[in-house]
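Please keep the sequence and the 3D view open while you read.

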Amino acid sequence: MQAPETYPNLDNEADLQLNEDGSLRHLLTLKGIDKALLTELLDDAERFIGPDGATAPHSHTLEGRTVANLFFEPSTRTRASFDLAGKRLGADVLNLDVNTSSRKKGESILDTIYTLQAMQVDIMVVRDAGPGVPAYIARHVNDHVSILNAGEADVSHPTQGLLDLLTIRQHKGGFENLTVAIVGDIRHSRVARSAAQGLHIMGVGELRLISPPPLAPSADEMPYAKIVDNLDDGLRDADVVMALRIQRERIGNLDGIPGIDEYFANYGISTERMRKAAPDAIVMHPGPMNRGIEIESILADSPASVITQQVTNGVAVRMAVLERVSKTMTTH
Ligand code: CP
């Protein structure tokens, strides 16, 4: 039987990700990254987007490097975009099939990491349901290895936060004068946390977190945001509206969580509801979407929706992050 692994909850994971000169060694969280570095990462990502809005063709800046995708939770967008991003930069990319890996035979996550490190993997992209896992791994790898957090429990999803910032900046030009409304299961959402952290660092005008009370964050977690439980109040004059799905896999007891019809009636984003927002408001969703629950299907496909662009930007952002950490990497 596999012994349970415990991961210390690190307060200093933000420090862990930066070299002494402030350059990026790992990407574990957006917390602790300053506005200048966030802006540089967004600018770098922009360079990978061609005039037609698609990501630019291949380059060779990661030639000779190996990227391993280690997804211990399901993913479509993040995993595929890290895979494409690595290949478009000329890296060798290994996608470990977790279901047929030796973790199923009881191997610890650290032994899995040490095994890949011995094969000269340079960058490990990690998604895991355990809080603290990316930082725990980052503490144990050799100097030449970088760890990128691709989704950590309900804690953090920094590359999603970056692609959300990039998409907002492309449409609105900046953050200072914006009202951003994030709607849905904020309490269990790593996407909401990374988006909120990034928006706060970039100096967003107003951030509203809208959800039914059982899915609201604690009042002191994000003191810079307004917690709202009425959707119409929260959407009023918003420039950006981001819908989130209910993270049922992270909710042990669904008592008190509204059923589908009640949820859509009270918290679903629809064309009708969007009339409360600013006339040129954009609609975002990180995916995967549950059409008809948190977002009306016709709205998701409407001109106000930038959901497809978020996906395209995800490749560019991950190219920018891979390139950035590879520049500060010591050779193995
Ligand atoms: N947004 C996001 O993380 O999607 P995936 O779970 O498909 O990677």
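This is a predicted model: local features need pLDDT of at least 70, side-chain atom pairs count only at pLDDT 80 or more; totals for chains, interfaces and linings use all residues.

1. The size of an interface is often given as the accessible area lost when the parts come together.

2. Domain 1 is made of residues 13-153 + 312-329, while domain 2 covers residues 158-301. The contact draws 30 residues from domain 1 and 22 residues from domain 2. Taken over C-alpha atoms, the centres of domain 1 and domain 2 are separated by 26 Å.

3. Charged pairs also deserve attention at this boundary, where four salt bridges are counted between domain 1 and domain 2. As background, side chains of opposite charge can pair when their charged atoms come close. A search of the whole structure finds 20 salt bridges, and the next points look at some examples.

4. E46 counts as partly exposed because its relative accessibility is 31%, whereas R169, at 17%, counts as buried.

5. How many residues apart are D83 and K87 in helix 3? They are four residues apart in helix 3 (residues 77-88), so about one helical turn separates them, and their side chains meet in a salt bridge with an N to O distance of 2.8 Å. D83 is buried, with a relative accessible area of 16%, whereas K87 counts as partly exposed at 42% relative accessibility.

6. A further salt bridge joins D301 to R291, with the closest N and O atoms 2.9 Å apart. This pair links distant parts of the chain, ten residues apart: D301 is in the loop between helix 10 (297-300) and helix 11 (307-327), and R291 is in the loop between strand 9 and helix 10. D301 counts as exposed at 55% relative accessibility, while R291 is partly exposed, with a relative accessible area of 41%. Elsewhere, salt bridges that share partners join E40, D44, R47, E323, R324 and K327 into one network.

7. Turning to the strands, you will find an open sheet of five, in the order 7-6-5-8-9, with parallel pairing. Strand 7 (226-228) and strand 9 (282-284) are the edge strands, and each of them pairs on one side only. From one strand to the next, the twist averages 20°.

8. Within this sheet, strand 5 (residues 179-183) and strand 8 (residues 240-243) run parallel and are joined by four bridges. If you look for V183, its bridge partner in strand 8 is A243. Helix 7 (residues 190-201) packs on the sheet, where it touches strand 5, strand 6 (206-210) and strand 8, and its direction makes about 170° with that of strand 5. Helix 6 (residues 158-172) lies across strand 8 and strand 9, and it runs at about 170° to strand 9.

9. Finally, is H157 buried or exposed? H157 is found in the loop between strand 4 (146-152) and helix 6, and it counts as buried because its relative accessibility is 3%, which is under the 20% cut-off for buried residues. Leaving aside residues up to four places away in sequence, H157 touches T78, R127, A150, G151, R190, V191, S194 and R318.

Key
Residues are numbered from 1 along each chain as its sequence is written. Side-chain values use heavy atoms; hydrogens and water are left out. Two strands pair if DSSP finds at least two bridges between them. Helices (H or I, at least four residues) and strands (E, at least two) are DSSP runs, numbered from the N terminus. Axes are lines fitted to C-alpha atoms, for helices over the stretch in contact, and angles run from 0 to 180 degrees between N-to-C directions. Contact means heavy atoms within 4.5 Å. Buried means under 20% relative accessible area, exposed over 50%, partly exposed in between (1.4 Å probe, protein chains only). Domain bounds come from an automatic or database domain assignment.
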